[in-house]
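This briefing looks at how two chains meet, and then at some features inside one of them. Please have the sequence and the structure open while reading.

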Amino acid sequence: MSEASGPDHFALFGLPESFEVDTEALAERYRELQREAHPDRHAGGDDRERRLAVQEAANINEGYRVLKDPVARARHLLERRGLPMNDETDTTMDPSFLMQQMELREQLAGVREAADPFAALDELRRTVDGAAREQREALAADFGDGSQEALERAREGVRKLQFLHKLAAEADAVDEDLTEAS
Amino acid sequence: MALLQISEPGQSTAPHEHRLAVGIDLGTTNSLVATVRSGEAVTLPDEAGQHTLPSAVRYRDNGEPVVGYEALAAAADDPENTLVSVKRFMGRGVEDIRASGHRLPYEFVAEADSGVPRIRTAGGDVTPVQVSAEILRTLRHRAEASLGDELHGAVITVPAYFDDAQRQATKDAARLAGIEVLRLLNEPTAAAVAYGLDEEAEGVHVVYDLGGGTFDVSVLRLTQGVFEVLATAGDSALGGDDIDRVVAEWIIEQAGIGDTEDTRLVGRLKRDARAAKEALTAADSAPVEVDLGDGRHWSGTLDRATFDELVEPLVRRTLTPCRRALRDAGIETDEIREVVMVGGSTRVPLVRERVGETFGREPLVSIDPDKVVAIGAARQADLLAGNRPDDDMLLLDVTPLSLGLETMGGLTEKVIPRNTAIPVARAQEFTTFKDGQTAMGVHVVQGERELVADNRSLGQFNLHGIPPMVAGAARIQVTFQVDADGLLSVSAQEQTTGAEASIQIKPSYGLTEGEIEGMLRESMTHAEEDVAARSLREQQVEADRTLEAVEAALAADGDRFLSDAERATIDESLAELRRARDAEDTTAIRRALEAVEKTTAEFAQRRMDAGINEALAGHRVEEFHDA
């Protein structure tokens, strides 16, 4: 395992390095950190102090964003464990998962032609949300395990979750279009 | 002076050095200035007692521009030189302005080497930034005159959906007006502060802000004094002006006016349209009387149903951003605690109705929708000026629009997505696409669209000194940084050689540093006039105070202590002071004040002696020992 580099968001927020995060505690800690660091708290300071405040507040915002989002959090954890993901070379994917993705995309493409597009969209979303939940549970188990083998599995799990999030965002875009048109 | 010492309330210098900080709502239609006095945020009135300052500036061929009500009154008769709603033009090019669909009476002049349009007026060509600076300067003077202190700084509000160019233009206007900007604050966030502190409400709030020319919606979470903006959306070219426009178009159609180039007629139509709109907030129908010129008139009636039909498409345009903001915030309607209405246009009943339907609850209108933004800004200003060291209120805001770069094929690569918490710094790596490429153009854009052409171009710069390598080998890191004002700076660095280039984003439609400096030099003459106006005002106040005090003393004791000749001398010096005061001559007032002090010195002495004798009379010595 190679040495981990880059920021340690878990340490900044005083949270254990784990995929499962107490979102309440995270939000609470975020507010505490910004209360100290935010540039508005250093409005009376000199140029240097204010510049540092901007940097520090930006670091806290970045950390909060990463820890809140399951995909970004998992990628950060993999970096911490010395197994950073590489989007250009990590391309192999479980064929049955890919098959399911293609089916879901076809389903999304057909939503506009459905008798009740909103109902069709809702059904699709339920499927996507369910699949995403399964992936998150699998990730929690793999990171909990922590063995090399489990972490390799987690790398693929993260990519699956990314696929599902992207699909959910596209479903939102279709929803927006449909709502505007109605 | 020796006669009577009157200390003006609020003028004593407190030991903790309270700094004069104000919140300024620089609106499309109206502007306001507010400050915190004795712990309470209040808007400041002008000398006539008016709190709102119409955002109208009239330029004349001789003399200073006129700002506010006086300017607005001339808008119908002198539309070419009376600039209203310039907020719509901030950070915009001539093409953007023409595309807005508004019939504008102004003559726009494009200047070589400048992206910023000028408006031709009797007082010379002016940029929207200069016009806004006039409004800001008027408000600064108002604050300084009514609080008797120099302004330390101001929080100036901007629509949350303002892009980088519009924010930068606002900051430039403040600089021209000689105002130190403590923070640019998003209008809905300011409104939330005013509401949140009053209601002590924890939870998720939606602020729906439909002003004269801009629309914003923000979703915020309030937790123990922290106002965290979760998402914001809007339309920076949609507001009450558009409602007036569709009503004016209806009148044009009904009255059979046809295509008119008569700017005065259009000006009157807008005024009449606005009057009808305002009447329809309470009544079910409004009479419309239009002076068509040449002694011809048209009269008709606009009923609520027709009005609703006219504005429905505009209201609908606000609802899509509402849903988008909720989705971006990850909030369901049943999690919303309160929907707050801000901006004069939320008085339109159809707006309230549709917003109520969209969020599934009755919107809150308990604070004056016109003042709430300035009040929230004043609280933030007071905090940033260091006047409330124990207050731990904190505002955490977001970027309204995605920021990105142009990549191959005119596509946008997002670096910072919309609704990212600010301040934020994010880096992204790019590479060369040709063998031996040694320079790279960086084109920064803002917006949500895939194609660069559909987004707003913020600026371009070049990174030189990339070592010649095969295509795809160089590693160029581009870093975007957005500060707490929402302003962007971008830098680029080649990773293997360290070659670096950076810019503070100067928007394509922004003023260059040179232009701003030119305008500043020009306004230095104004600044001298400002100083002169200020010291005149101070001398006049001093003169009034003295006149009042001496006259009161004369009325009480003049006959008792003064001979006729002495009285005549004093009366003459007072008359001279009054003349100097009315002649607005600072030096003459100062001299007259000194003269009054001399002529009344003996009188004052006699009164004081008599006062002491009276105080002592009838008291026994022991009493003073005890005291």
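The points below are grouped by topic, beginning with the interface.

The model is predicted, and the values given here are computed from it. Chain B and chain A meet in an interface that buries about 2200 Å², and four salt bridges are counted between the two chains.

**The interface between chain B and chain A**

- On the side of chain B, 25 residues are in contact with 22 residues of chain A.
- Of the area of about 2200 Å² buried between the two chains, carbon and sulfur atoms give 51%, while B:R327, B:L394 and B:P423 together supply 26% of what chain B buries against chain A, which is more than any other three residues.
- B:R327 also forms a salt bridge with A:D175, in which the closest N and O atoms are 4.0 Å apart.
- The elements of chain B that give two or more residues to the side touching chain A are β15 (226-235), α8 (304-329), α10 (372-384), β19 (394-396) and β22 (424-430), and of the elements of chain B, α8(B) gives the most, with four residues.
- By residue type, the side of chain B that touches chain A divides into twelve nonpolar, five polar and eight charged residues.

**Packing of α8(B) against α9(B)**

- The axes of α8(B) and of helix α9 (residues 349-359) of chain B come within 9 Å and cross at roughly 35°, and the crossing is right-handed.
- From α8(B) the contact is made by residues including B:V311, B:V315, B:L319 and B:L326, and from α9(B) by residues including B:L350, B:V351 and B:F359.
- Charged residues also take part, among them B:R304, B:D308, B:E312 and B:R323 of α8(B) and B:R354 of α9(B), and the residues of this contact divide into nine nonpolar, one polar and five charged.

**Salt bridges within the model**

- Over all chains the count comes to 60 salt bridges.
- One salt bridge is formed by B:E187 with B:K87, with the closest N and O atoms 2.9 Å apart.
- This pair links distant parts of the chain, 100 residues apart, since B:E187 is in helix α5 (residues 187-199) of chain B and B:K87 is in the loop between β7 (82-84) and α2 (94-98) of chain B.

**Backbone features in two loops of chain B**

- B:P423 lies in the loop between β21 (411-416) and β22 of chain B, and a cis peptide bond, with omega about 0°, joins B:I422 to B:P423.
- B:S85 has its place in the loop between β7 and α2 of chain B, and its phi is near 55°, a positive value in a residue other than glycine.

Definitions and conventions: Residues numbered from 1 in each chain as written. Chains lettered and ligands numbered in written order. Predicted model: local features only at pLDDT ≥ 70, side-chain atom pairs only at ≥ 80, totals over all residues. Heavy atoms only, no water. Contact = heavy atoms within 4.5 Å. Buried area = accessible area lost by both parts, 1.4 Å probe. Salt bridge = Lys/Arg side-chain N within 4 Å of Asp/Glu carboxyl O. Nonpolar A, V, L, I, M, F, W, Y, C, P; charged D, E, K, R; others polar. Axes fitted to C-alpha atoms, helices over the stretch in contact; angles between N-to-C directions. Left-handed = near helix turned anticlockwise from the far one by under 90°.
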